[in-house]
Amino acid sequence: MTSTDAEIVARVLAGQAEAYRVLVDRYHDRFARLAIHLLGDREDAEEALQDSFVRAYRALGRYEERERFPSWFCRILVNRCRTVGAKRGRRWRHEAGDSAKPTFAAPDDDQLAWREEINWAMARLAHDQREAFLLKHLEDLSYEEMAELTGAGISALKMRVKRAGDHLRELLTNGSKGS
Amino acid sequence: MDPREADPKDLIERVTAELRRPLPPQPERVEAVMRRVVSARPARRSPYYWSVFVTGAIAAGLLFAVFGTRDRTSGPPKRTGGVGATAGAVTVRFTLELPQAKRVAVVGDFNGWDSTGTALVKSAPGGRWSVTLELPPGNYHYLFLVDGRHWMADPTMPHDRDPDYGSANSIITVL
């Protein structure tokens, strides 16, 4: 029988540190994907993710059972990604370059080229729009959950998601950033 | 079909589908996390942490009864220099008036956010809880942990939003 997150947390807090491996194993890949898309860099994402798991472990005493572990952890990760992203913002801008749409590699592999094109487009979104878009469409959070997590208002979040979608459509169809 | 040729209405769905594509399993990454976790300060469980939360009425009563403060009777923080004291450390007294509480601890940067915290001692008969710490100069975030389950900012001190957890922490600056 699979243990619930709350049962695992209780075991860790009772002194079974190794039980934390179950939570890491359970959520690593899901949140690695979020961190990669938030930061656009696998190494930065892995660093932010590892830091977040360690910070969450240290703070398990502050985790409240009434809150879902993934939601609680997601808040830690998003904040960590903001910090890492802010530190390396200069590199983001360098990688983003100008708005001209490049030719993507692997012309014989549509799926790979499509993936690269999405990464290129995501890198051109403002960070707050990219974050809101990913929380909505990748993590499938409600706007209420997003507001709780980010501290932003629901109206602002809706606007960010809409603008992110508009920009992505523009970038992916015309290759230039819309308004 | 080339995904870029999709109807614009479906484009976001196709982007989302690609973003959601699972990553290859990376067991070595899990091991890397666990190596760091093992070397981290272990989490501790508060005895009452998993008990059912008190009702809203009790919680509200508890909050209204709180009058936390830095101890004003002890004067300004005193710099200490005796044998065993941390060089340049300042004596800081944390107090909280909460007669109903059975246990109070202060948890913060100065004790590594250990959830067992640093216990405050109740003075009879007023219900004031207090503890004195020797802290080197610096800024410290902290919270009170009441009865092992209620996290409470110090209402008399400035608050700051925790960059990692999103909650409000009290801040003390030791000069």
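Analyst: In chain B, 67% of the contacts with a separation of 6 or more are between residues 24 or more positions apart, where contact means heavy atoms within 4.5 Å. This is a predicted model, in which local features need pLDDT of at least 70 and side-chain atom pairs count only at pLDDT 80 or more, while totals for chains, interfaces and linings use all residues. Residues are numbered from 1 along each chain as its sequence is written, chains are lettered from A and ligands numbered from 1 in the order in which they are written, and side-chain values use heavy atoms, with hydrogens and water left out.

Chain B has three helices and eleven strands, and along the sequence its pattern is α-α-α-β-β-β-β-β-β-β-β-β-β-β. Helices (H or I, at least four residues) and strands (E, at least two) are DSSP runs, numbered from the N terminus. Of the 175 residues of chain B, 43% count as buried; buried means under 20% relative accessible area, exposed over 50%, and partly exposed in between, with a 1.4 Å probe and protein chains only.

Chain A, by contrast, has nine helices and zero strands, and buried residues make up 53% of its 179 residues. Among the contacts in chain A between residues at least 6 apart in sequence, 60% join residues at least 24 apart.

The part to look at closely is helix α2 (residues 20-39) of chain A, which packs with helix α7 (residues 127-138) of chain A at an angle of about 155 degrees, with the axes 9 Å apart. Here the axes are lines fitted to C-alpha atoms, for helices over the stretch in contact, and angles run from 0 to 180 degrees between N-to-C directions. The two helices are therefore roughly antiparallel to each other, since angles under 35 degrees count as roughly parallel, over 145 as roughly antiparallel, 65 to 115 as roughly perpendicular and the rest as oblique. The contact is made by A:Arg33, A:Leu34, A:His37 and A:Leu38 of α2(A), together with A:His127, A:Arg130, A:Glu131, A:Leu134 and A:Leu138 of α7(A).

Leaving out residues up to four places away in sequence, A:Tyr20 touches A:Val12, A:Phe53, A:Ala56, A:Tyr57, A:Leu60, B:Met34 and B:Val37.

Some individual residues elsewhere in chain A complete the picture. A:Leu13 lies in helix α1 (residues 5-13) of chain A and counts as buried at 4% relative accessibility, and its C-alpha atom is separated by 7.1 Å from that of A:Gly61, 48 residues apart along the chain. A:Asp51, found in helix α3 (residues 42-58) of chain A, is buried with a relative accessible area of 11%, and, leaving aside neighbours within four places in sequence, A:Asp51 is in contact with A:Arg80 and B:Arg36. A:Asp140, in the loop between α7 and α8 (143-150) of chain A, counts as exposed at 56% relative accessibility.
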